[in-house]
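Dear colleague,

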Amino acid sequence: MLVRLGALLVGAAVLAAACAGADNADRIPASTPTTADAPGGDSPQPRATAGAAAVASPTPTPSPTAPVVLDPRETGGLRNFLGYQFPPSPQAPTGPLSPEATDQLDFIWSKLRTGGLEGAEVARLGESGDARLAWILSDLLRFVRPGDIFNGAVSAFEELTGASLVDDPVAIRSPWQSMTDHLIAWDLPVFDGYADYKGRLFTLIEPGWQPFFEDADADIDWRLVSWGGVLIDDREFGDPRPCPQGCIPALDDPGVTDAEGGSWYPDDGIVFALVIGGEARAYSRHIMEIHEMVNDSLGGRRIGMPYCTLCGSAQAYFTDEVPDGVEMPVLRTSGLLSRSNKVMYDLVTKSVFDTFTGRALSGPLHRQGLVLPQATVITTTWGEWKAAHPDTTIVAQGGGIGRVYPFNPLGGRDDHGPIFPVGDVDERLGVQDLVFGVVLDDGTPVAFPVEAAAAALRAGEVVELSGVELRLDGGGVRAIDSDGHEITGHQAFWFAWSQFMADTLLWEP
């Protein structure tokens with residue numbers, strides 16, 4: 001049964017720390033069943049209003065054994081990352097929900113606040129015959145423990161859609177992930193008012209998300225938004241303290257050292273590196289895995305640098321290039337995800353951004369039509385980067401705030417594929433193959449498999465596609481056009497690049 005959120009908020013075994021690394025001091029403890037049982041220090045304390053219902057994540061820790069792979073794969077059809085072919089999409093009606101379905105949904109939502117919800121009441125949604133309600137079931141399933149309500153949601157989903165989750169190997173690890181993968185792959189529509197129901201549920205967990213749901217003109221596809229297992233980072237700019245509520249804390253204006261002072265970091269350690277205005281800087285991956293967001297100055301410019309650990313994607317946005325009268329954004333991690341990509345927002349205006357494109361999706365910056373320009377981020381090793389750029393700086397060992405950072409905070413979390421819903425996948429590459437991607441002026445996305453492209457460049461070959469040529473830089477790659485001008489790009493896992501950059505052109509060796 002659900003209980004009051006003021007007394008209980010539960011972290012998932014893997015999902016509670018999935019949006020970031022295993023920095024349990026700053027987020028909901030992955031192994032802690034409730035905040036009532038949590039140890040002291042930085043354990044999260046729920047911020048909901050009195051009477052709100054607590055909810056928990058259903059997903060168990062993935063097995064350390066090798067993932068199931070269906071072999072051989074048949075040609076055709078939409079598939080998930082384990083090769084499972086999604087069944088045909090169910091028929092979805094148009095127009096408003098039936099009065100009976102609306103009454104049942106309102107009844108369930110009232111019980112979310114007061115407690116006492118039973119699985120049979122959730123299962124009754126399946127009797128409506130309206131497949132669009134499957135999105136509501138997915139949202140609810142994200143937050144409930146395995147048990148009566150959980151089983152009721154799965155039963156209703158299968159009745160509404162005709163899908164059997166037991167057929168999907170992803171469901172062995174997470175029925176919620178499997179359910180949501182189906183819905184994304186089907187591109188199933190929602191009913192009018194869906195975002196309101198979702199907002200009422202999500203703000204029981206984190207009232208700080210309320211501004212995101214209040215913008216009726218937001219360009220957010222709420223179907224794709226899920227909880228990342230952590231709460232919003234709404235600390236003031238420059239606050240070095242861990243999040244008291246359990247969030248992913250951005251690092252503002254970190255301390256840096258020169259290359260010699262960076263000898264503490266191993267030469268084979270991965271860095272995300274930039275050159276702006278002739279000034280080079282490296283950000284070590286293990287520090288970025290803890291903070292996932294840096295606001296910094298480099299080469300006379302202000303930048304915001306999100307790192308989506310789930311997508312393998314570090315990007316750099318110029319935050320000082322905004323319209324007149326607009327205060328410079330301060331980028332923060334919301335604790336939400338969109339198809340496994342972190343949802344970032346501006347602390348100043350509470351505007352949500354598409355992290356992959358830099359486009360404002362809600363709030364005042366959306367109304368301004370703001371798209372943050374990007375700088376190229378090169379992923380390489382510290383040894384190769386400082387050899388190519390001896391004048392580089394690197395974020396200091398303690399981040400300039402005196403923290404101690406573990407060298408492997410994720411601990412192999414993503415070794416068995418995406419742990420959040422991504423829907424169907426583009427099978428031209430493996431889901432977690434790294435690609436370097438760019439977007440041309442005409443909007444055409446172009447991607448290069450990093451390992452194959454770098455090997456070809458080291459062998460003296462030309463790596464070029466659609467007017468985009470790659471060059472080596474400090475062990476990583478960057479892109480130029482036919483005139484030698486840089487084309488902004490960055491690395492990402494293939495599943496992330498291909499789902500946010502549909503119909504991307506793909507270079508083949």
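**A sheet, a helix pair and a pocket**

In this predicted model, strand β21 (residues 468-473) and strand β22 (residues 476-480) run antiparallel and are joined by five bridges. If you look for leucine 470, you will find that alanine 479 in β22 stands opposite. These two strands belong to an open sheet of four strands, ordered β20-β21-β22-β23 and paired in an antiparallel way. At the edges stand β20 (464-465) and β23 (486-487), each with a single partner strand, so one side of each has no neighbour in the sheet. Helix α12 (residues 450-458) lies across β21 and β22, and runs at about 75° to β21.

Elsewhere in the chain, please look at helix α3 (residues 134-141) and helix α7 (residues 194-205), whose axes come within 11 Å and cross at roughly 10°. Angles under 35 degrees count as roughly parallel, and α3 and α7 are therefore described as roughly parallel to each other. In this contact, Trp135, Ile136, Asp139 and Leu140 of α3 meet Tyr194, Tyr197, Lys198, Leu201 and Phe202 of α7, which by class gives seven nonpolar, no polar and two charged residues.

Finally, the largest pocket holds about 820 Å³ of space and is lined by 38 residues, with Ile270, Arg285, Tyr307, Leu434 and Phe493 nearest its centre. Helix α12 returns here, as it gives the largest share of the lining, five residues. By class, the lining has 15 nonpolar, 13 polar and 10 charged residues.

With best wishes

How values were computed: Residues are numbered from 1 along each chain as its sequence is written. This is a predicted model: local features need pLDDT of at least 70, side-chain atom pairs count only at pLDDT 80 or more; totals for chains, interfaces and linings use all residues. Side-chain values use heavy atoms; hydrogens and water are left out. Axes are lines fitted to C-alpha atoms, for helices over the stretch in contact, and angles run from 0 to 180 degrees between N-to-C directions. Angles under 35 degrees count as roughly parallel, over 145 as roughly antiparallel, 65 to 115 as roughly perpendicular and the rest as oblique. Contact means heavy atoms within 4.5 Å. Ala, Val, Leu, Ile, Met, Phe, Trp, Tyr, Cys and Pro count as nonpolar, Asp, Glu, Lys and Arg as charged, and the others, Gly among them, as polar. Two strands pair if DSSP finds at least two bridges between them. On a 1 Å grid over the protein atoms alone, a cavity is a set of points where a 1.4 Å probe fits but cannot get out, and a pocket is an open set with protein on both sides within 12 Å along at least five of seven lines; lining residues have an atom within 4 Å of a point. Grid points are joined across faces, edges and corners, and a volume is the space filled by probe spheres set on the points.
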